[in-house]
Amino acid sequence: MLTSLKSLFLDVGRVYLTLLKVMVPALIIVKVLDMIGGTVWLGKLLAPLMSLVGLPEAMGLVWATAMLTNIYTGMAVFFDLAGDNPLTVAQVSVLGIMMLLAHALPIEGAVAKLSGISWRVTLPLRIGGGFILGMITNQVYLLGNWQQQPAEIVWQPTPASSSLFDWGIAQLTMLASIFFIIAALMILLRLLKWCGIEKLIQALLSPFLKALTIGKETTNVCVIGLVLGLSFGAGLLIDEARTGKISKRDIFLAVCFLGLTHSIIEDTILILLLGADLMSILWGRLLFGFIVIAILARFIEQKSPSCSTNESIEKVS
């Protein structure tokens with residue numbers, strides 16, 4: 001028992017330290033960029049593109065904020081702008097989809113890089129994917145004349161403090177909580193294996209994973225990433241890959257899939273609070289992620305028959 005607990009503690013510590021090495025520098029860089037006006041600059045850069053998804057130019061700042069920081073901060077900016085730029089349910093849904101697919105990129109992109117997914121894959125996949133799905137969703141709503149009533153904001157957060165001290169305390173609290181979450185997740189994974197529930201989950205999800213040509217060994221980690229977030233899913237994938245049971249190809253596809261579909265409970269609820277339509281921000285997002293990864297999986301297989309799988313992945317990334 002003591003040996004097992006020691007092994008578990010060492011595994012948790014290793015995964016936690018691995019994530020810290022990536023997340024701490026990323027958090028500092030994001031804060032510096034925000035302080036020197038990086039968010040405002042990116043918002044101005046995105047403003048002209050908003051018309052292509054049926055949104056006011058001001059919403060470019062909302063998406064820019066979410067991309068550089070997180071959904072919560074993007075929501076705060078949205079609430080500041082919503083009074084002068086009232087949106088329909090359809091428009092909020094389009095904006096929400098773009099925020100769901102592309103948010104917290106410096107941190108989540110760094111975690112994905114640690115998993116072997118380069119920035120030149122992460123950024124086009126998530127920013128491009130968010131913009132493309134936003135355009136598709138906007139056109140669907142317009143063609144059907146659906147959800148054109150004014151959006152009703154359900155909840156508005158308390159404005160966050162702008163002081164560096166409060167920001168630092170908030171980040172330290174968040175980083176500390178990650179350790180306990182990782183510990184709980186790793187204990188859960190071991191319990192699932194011990195109880196045999198892991199095989200049941202794999203059986204239930206095997207048709208979907210088979211369609212994506214992702215190995216069943218990634219099932220539990222994908223489920224965790226879908227529910228809790230990319231950082232936790234990728235962090236656990238890194239640990240599982242250490243055992244040699246998960247191939248480089250499966251890690252690549254799993255992290256890309258989680259990049260598009262992670263945290264489907266918390267993040268979806270947050271966007272619903274803005275007044276969005278559940279059908280598009282949840283099911284539309286999942287369907288889009290499934291289709292994109294299915295195509296990507298076959299692209300990796302067929303890109304170069306003479307190359308190994310690893311070589312094909314390296315060419316893609």
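Which residues form a nonpolar patch on the surface, and how much accessible area do they have together? In this predicted model, the patch is made of Val24, Ile28, Ile29, Val32, Leu33, Met35, Ile36 and Leu164, and together these residues have about 720 Å² of accessible area. Helix 1, which covers residues 2-35, gives the most to the nonpolar patch, with 6 residues, while Leu164 has its place in helix 8, residues 164-195.

## The chain as a whole

The secondary structure of the chain comes to 15 helices and 0 strands. Of its 317 residues, 49% count as buried, and the chain exposes about 15600 Å², of which carbon and sulfur atoms supply 69%. When the contacts with a separation of 6 or more are considered, residues 24 or more positions apart account for 77% of them.

## A covered helix and a buried loop residue

Helix 5, residues 89-101, has 13 residues and reaches 18 Å from its first C-alpha to its last, which is close to the 18 Å expected at 1.5 Å a residue. This helix is mostly covered, for 12 of its 13 residues are buried, among them Val89, Ala90, Val92, Gly96, Met98 and Leu101.

One of these residues, Met98, is also in contact with Met50, a residue found in the loop between helix 2 (38-46) and helix 3 (59-68). Is Met50 buried or exposed? Met50 counts as buried because its relative accessibility is 0%, and the cut-off for that word is under 20% relative accessible area. Leaving aside neighbours within four places in sequence, Met50 is in contact with Leu55, Pro56, Glu57, Met59, Gly60, Trp63 and Met98. For Met50 and Trp63, which are 13 residues apart in sequence, the distance in space is 9.8 Å from C-alpha to C-alpha.

A search of the whole structure finds 3 aromatic pairs. One of them joins Tyr16 and Phe179 in an edge-to-face arrangement, with 5.2 Å from centre to centre and 80° between the planes. This pair links distant parts of the chain, since Tyr16 lies in helix 1 and Phe179 in helix 8, 163 residues apart. Phe179 also pairs with Phe180: the centres of their rings are 5.4 Å apart and their planes stand at 85°, so this pair too is edge-to-face. Tyr16, Phe179 and Phe180 form one aromatic cluster.

How do the members of this cluster stand with regard to the surface? Tyr16 is buried, with a relative accessible area of 14%, whereas Phe179 is partly exposed, with a relative accessible area of 21%. Phe180, at 58% relative accessibility, counts as exposed.

## Salt bridges

Side chains of opposite charge can pair when their charged atoms come close. How many salt bridges does the structure hold? The structure holds 2 salt bridges, and they are set out here.

| Residues in the salt bridge | N to O distance |
|---|---|
| Glu108 and Arg126 | 2.7 Å |
| Arg249 and Asp250 | 3.9 Å |

In the salt bridge of Glu108 and Arg126, Glu108 lies in helix 6 (residues 105-114) and Arg126 in helix 7 (residues 119-144), so the pair ties together parts that are 18 residues apart in sequence. Glu108 is buried, with a relative accessible area of 9%, and Arg126 counts as buried at 2% relative accessibility. In the other row of the table, Arg249 counts as buried at 10% relative accessibility, and Asp250 is buried with a relative accessible area of 8%.

## His262 and its contacts

His262 counts as buried, at 1% relative accessibility. The C-alpha atoms of His262 and Val227 are separated by 6.5 Å, although the two residues are 35 residues apart along the chain.

Technical notes:
Residues numbered from 1 in each chain as written. Predicted model: local features only at pLDDT ≥ 70, side-chain atom pairs only at ≥ 80, totals over all residues. Heavy atoms only, no water. Helix = DSSP H or I, 4+ residues; strand = E, 2+ residues; numbered from the N terminus. Buried < 20%, exposed > 50% of the residue type's maximum accessible area, 1.4 Å probe, protein only. Contact = heavy atoms within 4.5 Å. Areas by Shrake-Rupley, 256 points an atom, 1.4 Å probe, with all protein chains shown as cover. Expected span 1.5 Å × (residues − 1). Patch = residues over 30% accessible without salt bridge, like charges linked within 9 Å, V, L, I, M, F, W, Y side chains within 5 Å. Salt bridge = Lys/Arg side-chain N within 4 Å of Asp/Glu carboxyl O. Phe/Tyr/Trp six-rings, centres within 6.5 Å; stacked < 30°, edge-to-face > 60°.
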